Amino acid sequence: MRKLIYAIFCGLIFILSSCSDFLDVVPDSVPRIENAFTLRVEAEKYLFTCYSYMPAHGSANGNPAFLGGDEVWITTKNRDRWALNAWRIATGAQNANAPYCDFWRGNNVSDLYQAINDCNIFLENVGKVPDLEVWERNRWIGEVTFLKAYYHYWLIRCYGPIVISDVSTSVTTPTEELYQYRQPLDSCFNYVLNSFDRVIENEDIPDRITAEADELGRVTKAITYAIKAEATLLAASPLYNGNTDYRSIKDNRGIAIFCDVIQPDGTFAEKTEAQKKARWQDAKSACKRAVDFAESLGYQLYEFNETGVLGLNDSVKVKLSIRNAVTLKWNVETIWGNPNSWVAGGLDLQSWPRGLDPAKQKNTTYAGNYGVPLKIAAQFYTKNGLPIDKDLTWDYNARFNLKKATSLDNLYVYEGRETVLFNLDREPRYYADLGFDGCIYYGFGNNYGVYGAMNGENPVTPLYVQGLAGQPAQSGMIETSYNPTGILHKKLVNYKSNIGAESGWTPEGYPWPVIRLANLYLMYAEALNEADDSQASRDEAISYIDKIRKRAGLMKIVNGRRTTELLGLKEAWATYTAEKNKPNSQIGLREIIRQERLIELAFEGQRFWDLRRWKLAANYLNAPITGWNIEGETAAEYYKEREVYQQTFQLRDYFWPIVKRELSANKNLVQNYGW
């Protein structure tokens with residue numbers, strides 16, 4: 001598996017200043033294993049060490065899903081400055097000699113097999129702690145069982161079949177026991193799902209956290225139900241469920257680890273159609289249980305209703321409902337927030353416009369560098385809640401034509417600003433999630449107009465400062481710090497964050513929402529549609545999608561203004577498209593659900609995994625990355641699509657390579673396809 005001969009130790013805890021108190025415990029020293037479980041206080045330190053390996057979900061360095069795909073683009077200079085290795089995956093530079101984002105060995109990311117080994121040590125020794133009450137021991141066992149399963153699950157997403165490590169190893173472990181096999185894919189999933197079931201059955205795991213000051217972020221049953229649903233959906237998805245592209249990958253036992261499953265007679269054979277279908281039924285059941293359990297505890301889709309914020313019109317409130325569902329810490333929609341991955345001056349800073357009202361704010365050199373490709377902006381709907389190439393009222397062929405925004409547009413684009421039709425008559429999530437030339441950006445109590453051109457009109461308040469005050473030659477900034485596409489994602493910026501002329505950047509931080517209720521709704525809708533090709537299932541799936549569309553402000557429009565009445569998915573397709581019956585077929589609704597996920601969960605680290613599990617990454621990641629001509633000095637010059645990079649994606653890229661030296665050390669391992 002990996003180099004498992006290492007000294008057992010209790011690692012230091014990754015601490016973030018704004019996280020819950022339960023993570024603020026740092027071991028005074030590195031204890032020997034015989035001392036780690038002599039007292040409750042020492043064992044608790046080991047418990048928190050097991051938490052400390054959690055992947056940094058809200059970090060561009062720790063989570064390959066941000067920069068490893070096509071959702072966000074950066075420059076080579078910024079990649080090298082911040083060692084953003086995931087972006088090397090996006091550019092096709094992954095390799096087997098020194099893999100990027102190598103969770104198998106812990107190269108620049110969490111070492112998940114080290115994490116699993118520490119979890120095993122904890123589970124094997126926590127029973128020895130003399131001053132630990134039974135209920136608390138049981139709770140700790142449940143928490144670490146969850147963490148161990150989650151670390152296995154994360155490895156499955158990266159590598160496919162993995163080594164299941166269920167007992168600890170040390171320097172005294174016989175060498176032959178270290179040379180383990182990658183288990184068949186279905187066996188890996190079964191191990192993870194069964195582990196989650198044990199956590200759910202543990203009576204001492206709380207349903208949700210009540211001691212919020214001390215324990216937010218710790219494992220709950222709500223979290224376990226939700227992550228089990230996600231893992232079950234992954235197991236049912238095309239990349240993992242009966243995918244024969246990798247049937248040639250066999251270990252030295254002759255087992256095709258991607259395709260073979262254990263049959264009733266104990267032998268291995270390729271998965272049957274009935275077994276493939278059963279995975280979708282399992283996903284449907286798991287997602288339904290997760291949704292029902294979360295709702296029973298009071299989780300709901302977040303809607304902005306804060307008091308003390310005056311002068312907000314309805315359009316701003318809708319945009320804040322969309323943004324705050326992610327950026328408002330511990331809000332009613334967040335089922336699992338990871339306090340080990342606190343967003344405060346990282347992803348949010350790179351989503352921030354540099355030049356808003358320079359009388360109040362300083363020009364921050366390193367802000368706003370993450371560019372959104374045009375194809376990502378294009379995936380958002382029209383104001384009627386439809387794809388831009390399907391809405392008969394929206395002129396797709398004229399999308400790059402120039403127009404001055406009118407009073408009907410000024411809720412989202414400043415009146416009189418010359419822009420392209422591409423930026424007009426779009427859904428509220430377009431304006432909540434994206435920052436673009438001429439958009440209205442709400443933050444720290446004001447609406448601001450922002451400008452994207454390097455030079456040209458309004459150069460003193462550029463959204464993307466390619467040079468200082470629009471002068472690209474000054475200080476060489478064009479060489480080092482700029483947004484390559486002319487669009488940024490403002491979704492990840494808490495609206496209370498600020499850039500002050502004297503104080504500089506003051507972020508309003510939040511724990512990364514690993515999973516929120518909207519994601520669960522969309523998972524359940526997908527599983528419903530795939531598990532049962534019936535109109536009743538499709539109608540139920542649509543009902544959950546419409547809950548999200550309502551929060552997203554997809555309402556009926558009268559005289560150019562949104563009403564308070566939902567424009568439902570079925571009605572939108574029946575009224576404004578030529579494909580009126582698309583939601584009424586399994587294939588049609590599948591496409592709709594996938595686009596709904598790509599929009600609602602944009603910039604949340606979901607697209608990267610979704611494109612893979614759907615086996616659609618090759619369709620999307622072989623297209624060019626494009627943006628606006630950021631050096632254009634007039635609207636006509638600026639609004640020209642230009643190619644930034646031509647991506648390539650191969651069959652081998654669906655799964656990470658295992659580093660070659662690991663294969664040399666353990667002859668029982670087999671490499672992933674193409675590496």
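Predicted model: local features only at pLDDT ≥ 70, side-chain atom pairs only at ≥ 80, totals over all residues.
View 1. Which residues is Ser351 in contact with, leaving aside its neighbours within four places in sequence? They are Gly368, Tyr441, Leu488, His489, Lys490, Leu492 and Val493.

**View 2. Helix H7 packs against helix H9.** H7 covers residues 134-159 and H9 covers residues 185-201. Their axes lie 9 Å apart and form an angle of about 155°. Angles over 145 degrees count as roughly antiparallel, so H7 is roughly antiparallel to H9. The crossing of H7 with H9 is left-handed.

**View 3. Residues of H7 meet residues of H9.** On the H7 side are Gly142, Thr145, Phe146, Lys148, Ala149, Tyr150, His152, Tyr153 and Ile156. On the H9 side are Leu185, Cys188, Phe189, Tyr191, Val192, Ser195, Phe196, Arg198 and Val199. Of the residues in this contact, 12 are nonpolar, four are polar and two are charged.

**View 4. Helix H19 has buried residues along one face.** H19 spans residues 569-576, and Leu569, Ala572 and Trp573 are buried in this helix. Seen down the axis of H19, the buried residues fall within an arc of 90°, so they line one face of the helix. An α-helix has 3.6 residues a turn, so residues three or four places apart point the same way. Helix H18 (535-551) and helix H20 (586-600) are among what covers the buried residues of H19.

Terms used: Residues numbered from 1 in each chain as written. Heavy atoms only, no water. Buried < 20%, exposed > 50% of the residue type's maximum accessible area, 1.4 Å probe, protein only. Helix = DSSP H or I, 4+ residues; strand = E, 2+ residues; numbered from the N terminus. Arc of directions from axis to C-beta. Contact = heavy atoms within 4.5 Å. Axes fitted to C-alpha atoms, helices over the stretch in contact; angles between N-to-C directions. Parallel < 35°, antiparallel > 145°, perpendicular 65-115°, else oblique. Left-handed = near helix turned anticlockwise from the far one by under 90°. Nonpolar A, V, L, I, M, F, W, Y, C, P; charged D, E, K, R; others polar.
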